[in-house]
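Subject: Structure handover

Hello,

Here is the structure I promised. My notes follow below it.

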Amino acid sequence: MSSQFTPNNPLPQEAKVPQEIAVFSPEVEAEMDRHLAKYPVKRSAILPLMFIVQRERGGYLDPPGVAYLADRLGVRITDIWEVATFYSMINTEPVGKYHLQVCKTLSCKIMGAGRVTAKCTERLGIKPGQTTEDGMFSLSEVECLGSCGTAPMMQIGFDYYENLTDEKVDEIINKCQGGELSNGVR
Ligand code: FES
């Protein structure tokens with residue numbers, strides 16, 4: 001007996017299987033091997049490998065990078081997207097060199113996260129979800145980053161900036177613009 005499947009909740013976007021697969025240098029492959037060696041099950045290394053692919057593919061998981069991860073970890077493309085879209089540290093679209101991720105959850109909200117976002121918007125002329133035309137800055141609002149005791153705070157790459165005030169935000173942005181601050185990607 002056959003049955004027909006009619007999806008009730010189709011994906012909001014077309015799910016495409018990438019044609020191209022990313023290629024990495026022997027050094028990068030070796031770095032991934034070191035992470036894979038830490039886990040008895042390959043797919044457990046999904047996050048460290050994602051960070052590497054993101055770093056190497058210009059700051060986000062492009063379709064060839066996703067295809068590479070699925071192949072290397074022996075999982076489906078869907079499994080990669082499921083993880084990639086859950087974590088705010090993983091970008092599924094291009095972002096600026098400096099990705100300012102302002103925590104918007106309770107402690108930060110109470111302590112002035114809205115002010116921090118507004119200050120970033122005022123300085124950079126972009127709203128959350130946008131990137132400056134020169135590709136230098138992206139701004140996002142994200143859920144709790146686990147640094148509630150030093151609220152309000154934001155993350156740039158892997159680096160945390162805490163107890164933020166208008167003056168501190170100004171200082172951080174000035175340093176980014178002057179090339180004096182790392183973008184926190186490593
Ligand atoms: S609420 Fe902002 S770090 Fe937890």
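What pattern does the chain follow, read along the sequence? The answer is α-α-α-α-β-α-α-β-β-β-β-α. That comes to seven helices and five strands. Helices (H or I, at least four residues) and strands (E, at least two) are DSSP runs, numbered from the N terminus.

Two notes on conventions. Residues are numbered from 1 along each chain as its sequence is written. This is a predicted model, so local features need pLDDT of at least 70 and side-chain atom pairs count only at pLDDT 80 or more, while totals for chains, interfaces and linings use all residues.

Overall dimensions

The C-alpha atoms fill a box of roughly 65 × 45 × 35 Å, taken along the principal axes. Of the 186 residues in the chain, 28% are buried. A residue is buried if 20 or more other C-beta atoms lie within 10 Å of its own, exposed if 12 or fewer, and partly exposed in between, with C-beta atoms placed from the backbone. Two residues are in contact if their C-beta atoms, placed from the backbone, lie within 7 Å. Take the contacts between residues at least 6 apart in sequence: 61% of them join residues at least 24 apart.

The sheet

The five strands form an open sheet with mixed pairing. Their order is E2-E3-E1-E4-E5. The edges are E2 (130-131) and E5 (159-161), each pairing on one side only. Two strands pair if DSSP finds at least two bridges between them.

E2 and E3 (residues 137-142) are antiparallel, over two bridges. Thr131 has Ser138 in E3 as its bridge partner. The hairpin of E2 and E3 has five residues between the strands, and Gly135 there takes a positive phi near 75 degrees. E1 and E3 run parallel, over six bridges. Gln101 stands opposite Ser140 in E3. Five of the six residues of E3 are buried, so E3 is largely enclosed by the rest of the structure.

Helix H6 (residues 113-124) packs on the sheet. H6 touches E1 (98-103), E3 and E4 (154-156), and its direction makes about 155 degrees with that of E1.

The cores

A nonpolar core is a set of buried Ala, Val, Leu, Ile, Met, Phe, Trp, Tyr and Cys residues joined through C-beta atoms within 7 Å. The largest has 21 residues. Those with the most contacts inside it are Leu100, Val102, Cys103, Val116, Cys120, Met153 and Met154. E1, H6, E3, E4 and helix H7 (166-177) each give two or more residues to this core. Apart from it lies another core, of 15 residues, including Ala22, Ile46, Leu69 and Leu73.

What does Met153 contact, leaving aside its neighbours within four places in sequence? The list is Cys103, Cys108, Leu145, Ser147, Tyr160, Tyr161, Glu162 and Leu164.

Helix pairs

H6 and H7 pack at about 40 degrees, with their axes 10 Å apart. Axes are lines fitted to C-alpha atoms, for helices over the stretch in contact, and angles run from 0 to 180 degrees between N-to-C directions. H6 and H7 are therefore oblique to each other. Angles under 35 degrees count as roughly parallel, over 145 as roughly antiparallel, 65 to 115 as roughly perpendicular and the rest as oblique.

The crossing of H6 and H7 is right-handed. A crossing is right-handed if the near helix is turned clockwise from the far one by less than a right angle, and left-handed if anticlockwise. On the H6 side, the contact is made by Arg115, Val116, Lys119, Cys120 and Arg123. On the H7 side, Asp166, Val169, Asp170 and Ile173 take part.

Val169 counts as buried because it has 23 C-beta neighbours inside 10 Å. Beyond its neighbours within four places in sequence, Val169 is in contact with Val116, Lys119, Cys120 and Leu164.

The axes of H3 (residues 63-73) and H4 (residues 77-84) come within 8 Å and cross at roughly 115 degrees. That makes H3 roughly perpendicular to H4. This crossing is right-handed too. Val66, Ala67, Leu69 and Ala70 in H3 meet Ile77, Ile80 and Trp81 in H4.

Best wishes
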